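Hello,

Please find the structure below, followed by my notes on it. The notes go through it one place at a time.

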Amino acid sequence: MREEATRGTAGRNEHIRSFVRRQGRVSNAQRRYYDEMMAKVGVPYRAAAIDFDRLFGRRAPRVLEIGFGMGETSALIAGRHPENDYLGVEVHTPGVGSLCKLIAENELQNLRIVQHDALEVLREMIAPGSLAGVHIFFPDPWPKKRHHKRRLLQPPFVTLLASRLQVGGYVHCATDWEEYAQQMLAVLSAEPQLENAAADFAPRPPDRPSTRFEQRGQRLGHGVRDLIFLRRSAARGTPDSDA
C-alpha cells in the first residue's frame, strides 16, 4: 500500500503513519494460527482504555511492545517473565500470525495482540500512568531524509508515550541505525517527563534477546544502540498530553 497521511480518531489532527501496509505473503501456518488465536489473544481496536486487570484476569506490571515484527523477541520475553503482562502492537498480518503461532506453541498466558496503528492504540486504548514499560526494538529507520517525518520517535509521540508510563516506568528502544539512534537520544532527552537511565546510550541489557534485525545489522557492520529512559516523578514531569 502506498504511504499516506491519515486522520486520527475522534477528530484529532492529521498524523502521518510511521508504517506502510505491505502486502506481504501470509504463510498457511501464519493464516491458520491467526484465524485460530486472534479470537483468544487479539484485542480489537476501540477508542476506550483497556481494562488490563479484566483482560489478563489478574493485576501485574504491564509492558507495551510497539512493532513486534515476527514476534520472536516478544514471545521470548513473555516466556522469561511470567510475572509481567505484555501487549504487542503490530499492523502486518504475517507478523501477527507468526506471534499467534508462538503464543500457542509456548502456551503463553501473559501476551495479547492489538493489530492497529500504534499511535491510535497509545492515545485511545492506554490510560495515563498504566504502563510499567514500553519496548520499541528496531523501528523502521526511514533512512531517506524526505521520509524522516515518518519516524516513530518524534517529540509529540514521545510526550504521549511518557504520559502512559507510571512513575519509574521505562521506555527501552534499540536501533542499528546510527543517525536514527542520535535522533532518538535527542528526542527522548528533550522530553521533561523522562530521564536517561545512562549517561547517553545504555549497555545492552541481557534480558533483550537478539533479533533478526540486530543480527542482520551486525553482519552489515552496524552497531546496535540501546536507550533506556525512566518516567520522572509527577512533580518533575508535565501533565498528560495527547499527540
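**Notes on the predicted model**

Helix H2 covers residues 52-56, and phenylalanine 52 and phenylalanine 56 both lie in it, four residues apart, about one turn of the helix. Please keep in mind throughout that this is a predicted model. The count of aromatic pairs comes to one. That pair is formed by phenylalanine 52 and phenylalanine 56, and it is stacked, with 6.5 Å centre to centre and 15° between the planes. Phenylalanine 52 is buried, as is phenylalanine 56.

Next, helix H3, residues 72-80. Its buried residues include Thr73, Ser74, Ala75, Ile77 and Ala78. What covers them?

Then the contact of two helices, H5 (residues 118-125) and H6 (residues 155-163). Their axes come within 10 Å and cross at roughly 40°. The crossing in which H5 passes H6 is left-handed. On the H5 side the contact is made by Leu119, Leu122 and Arg123, which meet Phe157, Leu160 and Leu161 in H6. By class, the residues of this contact divide into five nonpolar, no polar and one charged.

Glutamate 107 is not a glycine, yet has a positive phi of about 50°. Its place is in the loop between H4 and E5. Is glutamate 107 buried or exposed? Glutamate 107 has a relative accessible area of 63%, and because exposed means over 50%, glutamate 107 counts as exposed.

Phenylalanine 138 is also a residue other than glycine with a positive phi, in this case near 55°. The loop that holds phenylalanine 138 runs between E6 and H6. Here the relative accessible area is 9%, so phenylalanine 138 is buried, the cut-off for buried being under 20%.

To go back over the places to look at on screen:

- the stacked pair of phenylalanine 52 and phenylalanine 56;
- the left-handed crossing of H5 and H6;
- the positive phi of glutamate 107 and that of phenylalanine 138.

Regards

Methods
Residues are numbered from 1 along each chain as its sequence is written. This is a predicted model: local features need pLDDT of at least 70, side-chain atom pairs count only at pLDDT 80 or more; totals for chains, interfaces and linings use all residues. Side-chain values use heavy atoms; hydrogens and water are left out. Axes are lines fitted to C-alpha atoms, for helices over the stretch in contact, and angles run from 0 to 180 degrees between N-to-C directions. A crossing is left-handed if the near helix is turned anticlockwise from the far one by less than a right angle, and right-handed if clockwise. Contact means heavy atoms within 4.5 Å. Ala, Val, Leu, Ile, Met, Phe, Trp, Tyr, Cys and Pro count as nonpolar, Asp, Glu, Lys and Arg as charged, and the others, Gly among them, as polar. Rings of Phe, Tyr and Trp (its six-membered ring) pair if their centres lie within 6.5 Å; planes under 30 degrees apart count as stacked, over 60 as edge-to-face and the rest as tilted. Buried means under 20% relative accessible area, exposed over 50%, partly exposed in between (1.4 Å probe, protein chains only).
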